[in-house]
Each structure stands twice: as structure tokens, then as C-alpha cells.
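This briefing covers backbone geometry, the nonpolar cores and the packing of helices. Please have the sequence and the model at hand while reading.

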Amino acid sequence: MDQQIVEFFISLRNPALDPIIVIFTQVTGPTVMFLLATVLSISQRSAFPASAVLFANLSSTLLKAILERPRPQLAPHLVTETNFSLPSGHAVGAAALATVLTLIFRRWWLVIVWLIALFIGLARLYVGVHWPSDLLAGWALGCMVVLGIYGIFRLAKLPTGTTTSTRETTAK
């Protein structure tokens, strides 16, 4: 099933769309997700966002080294990747940041954040560098690591950022 899905996304390639997808996938990588989480940490005065995304990204790097799953070779890759495929680091970073934002803000617009996380993963299929199962594993890993770090912060009574309920409580 992995192969058929990758072949489908590769069949969607369009010379006019290719550069846009390539730029999108280059600017939505795990390092960028960590930098955005760091900005969020500074604005929230909490180490939680940056720590959570950092640990998710490190977990991804470690798993890639352990599992050593090769990337698909069904068509030329539109971007160059030098490491292994499983889990998708882009999916991990995107899901980690989306989970952090969800835990902090709990607002309707987070649906857009999750759609962006979905598109980040799907773009990796389009450029031909991941299997769908890499994305699923990445999204799951990103969420699980963040939830684990969130639990640790809560148990240690460390600040995790402003939540809607906290804002409402302090506004009263």
C-alpha cells in the first residue's frame, strides 16, 4: 500500500507546482519547527515548547539511525536527503509543534495548524522522499513525545505556557 500511495503523489507532479512544493518542504523542516517553538518558549516564558519539539526531533534522529529504513526510489527525488526515511522528521516536527500549540492555546484556529502539519507530510510524498508509513510514525512520535514532556512539566509543576483556561482564571 505504501508504494501505491507514493506513486499516486508522484503522479500529481506538475512542473509549475514542483518549485512551490520544494520551497514549502524546505521551509517546514524540523529545525524550523524547533525555531518556531523556541520563539514560542520565549513569548510564553516557558521552556516547554522548545524542549518538547527538541526532544521530538532528537527522538526522530535516533530512530532513523536505529531503523535505517531506506527512502523510496520510485522516482527522482525533488529534494536531496542524506539520512534514513523512518520516521519522517518533517512529520515529527510538524506534529510536535501542532501538539504544543494545541496544549497551550486550545482555540478553533488550531485546525489550520493541524492541516498545515498534514500538508507538510503530504509534500514529502510529493517530492518522493518518504513512505506514507514514515509520515504516520512521525506524526504519532511527535505527538507522543510532546505529551510525555508535557506530563513531566506538569508533574514537576513547571510552566507550560498560557492556556485558555489559565487566561480565563487570571482574568476573573
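E68 lies in the loop between α4 and α5, where helices (H or I, at least four residues) are DSSP runs numbered from the N terminus. The model is predicted, so local features need pLDDT of at least 70 and side-chain atom pairs count only at pLDDT 80 or more, while totals for chains, interfaces and linings use all residues. Residues are numbered from 1 along each chain as its sequence is written, and side-chain values use heavy atoms, leaving out hydrogens and water.

**Backbone in the loops**

- Phi of E68 is near 50 degrees, a positive value in a residue other than glycine.
- E68 is partly exposed, because its relative accessibility is 47% (buried means under 20% relative accessible area, exposed over 50%, partly exposed in between, with a 1.4 Å probe and protein chains only).
- The loop between α4 (48–67) and α5 (89–105) also holds P87, and the peptide bond from L86 to P87 is cis, with omega near -5 degrees.
- R45, in the loop between α3 (30–44) and α4, is another residue other than glycine with a positive phi, near 55 degrees.
- R45 has a relative accessible area of 75% and is therefore exposed.
- Most residues other than glycine have a negative phi, and most peptide bonds are trans.

**Nonpolar cores**

- The largest nonpolar core has 27 residues, and F48, V53, V100, L101 and V146 have the most contacts inside it (a nonpolar core is a set of buried Ala, Val, Leu, Ile, Met, Phe, Trp, Tyr and Cys residues joined through side-chain atoms within 4.5 Å).
- Two or more residues of this core come from each of α3, α4, α5, α6 (110–126) and α7 (132–155).
- The most is given by α5, with 10 residues.
- Another core, of 10 residues, lies apart from this one and includes A75, A91, L125 and W139.
- Not counting residues up to four places away in sequence, V100 touches L40, F48, P49, A52, V53 and V146 (contact means heavy atoms within 4.5 Å).

**A buried serine**

- S41 sits in helix α3 and counts as buried because its relative accessibility is 9%.
- Leaving aside residues up to four places away in sequence, S41 touches S46, A47, F48, P49 and A50.

**Packing of α3 on α5**

- The axes of α3 and α5 come within 8 Å and cross at roughly 20 degrees (axes are lines fitted to C-alpha atoms, for helices over the stretch in contact, and angles run from 0 to 180 degrees between N-to-C directions).
- The two helices α3 and α5 are therefore roughly parallel (angles under 35 degrees count as roughly parallel, over 145 as roughly antiparallel, 65 to 115 as roughly perpendicular and the rest as oblique).
- On the α3 side, P30, M33, L36, A37, L40 and Q44 make the contact.
- The residues of the contact of α3 with α5 comprise 11 nonpolar, 4 polar and no charged (Ala, Val, Leu, Ile, Met, Phe, Trp, Tyr, Cys and Pro count as nonpolar, Asp, Glu, Lys and Arg as charged, and the others, Gly among them, as polar).

**Packing of α4 on α5**

- The axes of α4 and α5 are 9 Å apart, at an angle of about 155 degrees.
- That angle makes α4 roughly antiparallel to α5.
- F48, P49, A52, V53, A56, N57, S60 and K64 are the residues of α4 in the contact.
- The contact of α4 with α5 has 11 nonpolar, 4 polar and 1 charged residues.
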